[in-house]
Amino acid sequence: MAKNIRSSTLTRIRLIEAASQVFASLGVQGATTREIARVAGVNEVTLFRHFASKEQLLKAVMENALALQIEALAHPETWTQNLRVDLRNYAKLYNSMLEAQEDLIRTFIGEAKRHPEAAKQVIQEAVQPLSKKLIAYLQSCQKNGTVIPELDPTPAVDMFTGMLLAGMLCHNAKLKNKSYTSEEYINTCVDIFVRGISLAPVPVLSASSIHN
């Protein structure tokens, strides 16, 4: 029994990894369960034993991509209650996910207008837990008086993560020679965001603090 469970788990992992490759290269519409099964080295019947549809497989791919970041932010002790420190930690985790899934993300962006509604919903549902962690954190900061009360955390989080996404896409595409590193960009995003939402005076971001 234990051997069968282990084999089933390994097959599921192979399917998710194969699906990630196929979605990244062919897109949501272009990817087929037959091709995903072929890349995974199994037949379609085996694929459908684990996932009832391509959309379920897409959700598993997205959840797998976000799993480490969600786990890292799942426990209250990971938040220091220092706004800049916490947002910088979040930004680094988020950026690591973006860079690890760059091909998949670029594919989704390129065909965003062509995504079936079911696929759009799957993607949104998969990324919600990560956004909810930060929204909840900002709401707690509003309650303890460190973040301006009139802030709407939901669009604020979208703006913050949007800056990080844009930075990753531009930096890795090497659209032009950059005089700053990815880490410096992340810290600048955090600094600007914190200054905009904080109730308390925010100290100037020094060059040494960027590397701490």
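**Figure 1. The largest pocket and its lining.** Welcome to the largest pocket, which is lined by 24 residues, with Met 62, Tyr 94, Ile 123, Val 127 and Leu 165 lying nearest its centre. The most comes from α7, with seven residues. By type, the lining holds 16 nonpolar, six polar and two charged residues. The space inside amounts to about 720 Å³. A pocket here is an open set of points on a 1 Å grid over the protein atoms alone, where a 1.4 Å probe fits and protein lies on both sides within 12 Å along at least five of seven lines; lining residues have an atom within 4 Å of a point. Points are joined across faces, edges and corners, and the volume is the space filled by probe spheres set on them. Ala, Val, Leu, Ile, Met, Phe, Trp, Tyr, Cys and Pro count as nonpolar, Asp, Glu, Lys and Arg as charged, and the others, Gly among them, as polar.

The model is predicted, so local features need pLDDT of at least 70 and side-chain atom pairs count only at pLDDT 80 or more, while totals for chains, interfaces and linings use all residues. Residues are numbered from 1 along each chain as its sequence is written, and side-chain values use heavy atoms, leaving out hydrogens and water.

**Figure 2. The whole chain, for orientation.** Ten helices and zero strands make up the element count of the chain (DSSP runs numbered from the N terminus: helices are H or I of at least four residues, strands E of at least two). Of the 212 residues, 41% are buried (under 20% relative accessible area, with exposed meaning over 50% and partly exposed in between; 1.4 Å probe, protein chains only). Among contacts (heavy atoms within 4.5 Å) with a separation of 6 or more, 71% join residues 24 or more positions apart.

**Figure 3. The two faces of helix α2.** Take a look at residues 33–40, where Thr 33, Ile 36, Ala 37 and Ala 40 are buried. These four sit on the same side of α2 because they cover an arc of only 100 degrees around the axis (taken from the directions from the helix axis to the C-beta atoms). Arg 34 and Arg 38 are exposed on the face turned away from that buried side. Just after the helix, Gly 41 takes a positive phi of about 80 degrees.

Figure 4. Which loop holds Gln 81? Gln 81 is in the one between α4 and α5. Most residues other than glycine have a negative phi. Gln 81 is not a glycine, yet has a positive phi of about 70 degrees. With 43% relative accessibility, Gln 81 counts as partly exposed.

**Figure 5. Ile 135 and its partners.** Ile 135 lies in α7 and, at 16% relative accessibility, counts as buried. Leaving out residues up to four places away in sequence, Ile 135 touches Pro 153, Thr 154 and Val 157. Ile 135 and Val 157 are 22 residues apart in sequence, with 6.6 Å between their C-alpha atoms.

**Figure 6. Asn 95 in helix α5.** Asn 95 belongs to α5 and counts as buried at 7% relative accessibility. Beyond neighbours within four places in sequence, Asn 95 is in contact with Met 168, Ser 182 and Ile 186.
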